[in-house]
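Subject: Structure handover

Hello,

Here is the structure for you to look over. Please open it alongside this note.

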Amino acid sequence: QVQLVESGGGLVQAGGSLRLSCAASGLTFSNYVAGWFRQAPGKEREFVATISWFTYYADSVKGRFTISRDGAENTVYLQVNSLKPEDTAVYYCAAGPWGVPTRDPRKYDYWGQGTQVTVSS
């Protein structure tokens, strides 16, 4: 049984940083495309970042967020810096078949339960 478990969210002031983690069980993360998405209240889920053999970011987070993976820990991370109030959302990690990193959520087979990030102004 595949499980993705996110952690690391919280309440931070604008300009602050967090490190989100996504620990996988039941699959080897290094054999999958990993992605981070987010969903703010009243809005659709949106793409944030993805990684396979290269990384790809949404324009809104480029230069502020960094996606990475640790094979030994079977974990994917999202370092989020210079946070803005508009970054407030539930952040989800996802895993999909190995290949070109994609921003399309339909290409991902497994999802975590999400971790809340709240940025105060």
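Below is what turned up, topic by topic.

This is a predicted model, so local features need pLDDT of at least 70, side-chain atom pairs count only at pLDDT 80 or more, and totals for chains, interfaces and linings use all residues. Residues are numbered from 1 along each chain as its sequence is written, and side-chain values use heavy atoms, with hydrogens and water left out.

**Strands**

Strands here are DSSP runs (E, at least two residues), numbered from the N terminus. Two strands count as paired if DSSP finds at least two bridges between them.

Start with β7 (residues 65-70) and β8 (residues 75-80). They pair in the antiparallel sense, over six bridges. D70 sits opposite T75 of β8. The two strands form a hairpin with four residues between them.

Next, β11 (115-120). β11 pairs with β2 (residues 10-13) in the parallel sense, over four bridges. L11 stands opposite T118 there. β11 also pairs with β9, in the antiparallel sense and over three bridges. In that pairing, Y91 stands opposite T115. β11 has two faces: T115, V117 and V119 are on the covered one, while Q116, T118 and S120 are on the uncovered one.

**Disulfide**

How many disulfides does a search of the whole structure find? One. A disulfide here means a pair of cysteine sulfur atoms within 2.5 Å. C22 and C93 are the partners, with 1.9 Å from S to S. C22 belongs to β3 (residues 18-25) and C93 to β9 (residues 89-97), so the link ties together parts that are 71 residues apart in sequence. The link is right-handed, with 45° about the S-S bond. Both C22 and C93 are buried. For accessibility, buried means under 20% relative accessible area, exposed means over 50%, and partly exposed is in between (1.4 Å probe, protein chains only).

**Core**

In soluble globular proteins, nonpolar side chains tend to be buried together. A nonpolar core here is a set of buried Ala, Val, Leu, Ile, Met, Phe, Trp, Tyr and Cys residues joined through side-chain atoms within 4.5 Å. The largest one has 34 residues. F29, W36, V48, F65, I67, L78 and Y91 touch the most other members. β3, β4 (32-39), β5, β7, β8, β9 and β11 each supply at least two residues of this core. The largest share, five residues, comes from β9.

**Surface patch**

W53, F54, Y56, W98 and V100 form a nonpolar patch on the surface. Together they have about 550 Å² of accessible area. Areas come from the Shrake-Rupley method with a 1.4 Å probe; for residues, only the protein chains shown count as cover. Patch members have over 30% relative accessible area and no salt bridge; nonpolar side chains (Val, Leu, Ile, Met, Phe, Trp, Tyr) are joined within 5 Å, and like charges within 9 Å. W53 lies in the loop between β5 (46-51) and β6 (55-57). W53 is exposed, at 53% relative accessible area.

**Salt bridges**

Side chains of opposite charge can pair when their charged atoms come close. A salt bridge here is a side-chain nitrogen of Lys or Arg within 4 Å of a carboxyl oxygen of Asp or Glu. The structure holds five. Among them:

- R38 with E46, at 2.5 Å from N to O. R38 is buried, at 5% relative accessible area. E46 is partly exposed, at 35%.
- K62 with D59, where the closest N and O atoms are 3.1 Å apart. K62 is partly exposed, at 49%. D59 is exposed, at 65%.
- D104 with R106, at 3.1 Å from N to O. D104 is buried, at 18%. R106 is exposed, at 73%.

R38 and E46 also belong to a salt-bridge network with R64 and D87.

**Backbone**

Which residues other than glycine have a positive phi? N74 is one of them, at about 55°. N74 lies in the loop between β7 and β8, and is buried, at 16% relative accessible area. S82 is another, with phi near 50°. S82 is found in the loop between β8 and β9. S82 is partly exposed, at 41%.

Best wishes
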